[in-house]
Amino acid sequence: MSITIRRVLARTLSSSARRWKDPWPLPHTPQHIASTVTPSNVAPPQPIPRPNESIDTMRARLVYQSRKRGTLESDLLLSTFAQLSEYDKLLDESDWDIYYWATCNRTPPDRWASSPLLQKLKLHAKNEGKVVRSMPPLS
């Protein structure tokens, strides 16, 4: 390889990090927390009515929705924690909102601030027993 080509490659590789910042900041960094905020003028999601859904069908649906959120952090946190009462409504919220509310990195909105479910999820997220968690089976 000629000296000219090596200089061009070295210059391109070494200066690229300075020219472009990472478009995907790591979770728990101030940039990520700021970039995942749901705007306050956005109305809360309206749950899909399921008037004749059986408890077994609801449980299966919630387990599936808990595992397939879109972010591994939320999938793992939610799939190892389940309660049917308000849980269905919570799953309608944004992944990063749920995750940062549960890990106490963001203040939840009034509709969830005093929720016993969110308090239990926060305790579950602390994992004080340092339990190694894995996704439960879908069946």
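## How confident is the model?

What is the mean pLDDT of the chain, and what share of its residues reach 70 or more? The mean is 76, and 69% of residues get to 70 or more; pLDDT is the predictor's confidence in each residue, on a scale from 0 to 100. Confidence is lowest in helix α1 (residues 3–19), with a mean of 55, and highest in helix α7 (residues 110–113), at 89.

A few ground rules before going on. This is a predicted model, so local features need pLDDT of at least 70 and side-chain atom pairs count only at pLDDT 80 or more, while totals for chains, interfaces and linings use all residues. Residues are numbered from 1 along each chain as its sequence is written, and side-chain values use heavy atoms, with hydrogens and water left out.

## Overall layout

Helices (H or I, at least four residues) and strands (E, at least two) are DSSP runs, numbered from the N terminus.

Of the 139 residues, 29% count as buried. Here buried means under 20% relative accessible area, exposed means over 50%, and partly exposed is in between (1.4 Å probe, protein chains only). The accessible surface comes to about 9,800 Å², with 59% of it belonging to carbon and sulfur atoms; these areas come from the Shrake-Rupley method with a 1.4 Å probe, and for residues only the protein chains shown count as cover. As for contacts (heavy atoms within 4.5 Å), residues 24 or more positions apart account for 59% of those with a separation of 6 or more.

## Helix α6, mostly covered

Helix α6 (residues 95–102) has eight of its eight residues buried. They are Asp95, Trp96, Asp97, Ile98, Tyr99, Tyr100, Trp101 and Ala102. After α6 comes Cys104, with a positive phi near 60°.

## The largest pocket

Rolling a probe the size of a water molecule over the atoms shows where empty space is left. The largest pocket has a volume of about 250 Å³. It is lined by 17 residues, and Thr38, Pro39, Asp97, Pro109 and Arg111 lie nearest its centre. Asp97 is also one of the buried residues of α6.

On a 1 Å grid over the protein atoms alone, a cavity is a set of points where a 1.4 Å probe fits but cannot get out, whereas a pocket is an open set with protein on both sides within 12 Å along at least five of seven lines; lining residues have an atom within 4 Å of a point. Points are joined across faces, edges and corners, and a volume is the space filled by probe spheres set on them.

## Around α8 and beyond

Leu117 lies in helix α8 and is buried, at 2% relative accessible area. Its C-alpha is 8.9 Å from that of Leu90, 27 residues away in sequence.

Most residues other than glycine have a negative phi. In the segment after α8 (116–126) sits Asn127, with a positive phi near 50°; Asn127 is buried at 18%. Lys130, in the segment after α8 too, has a positive phi of about 55° but is exposed, at 65%.
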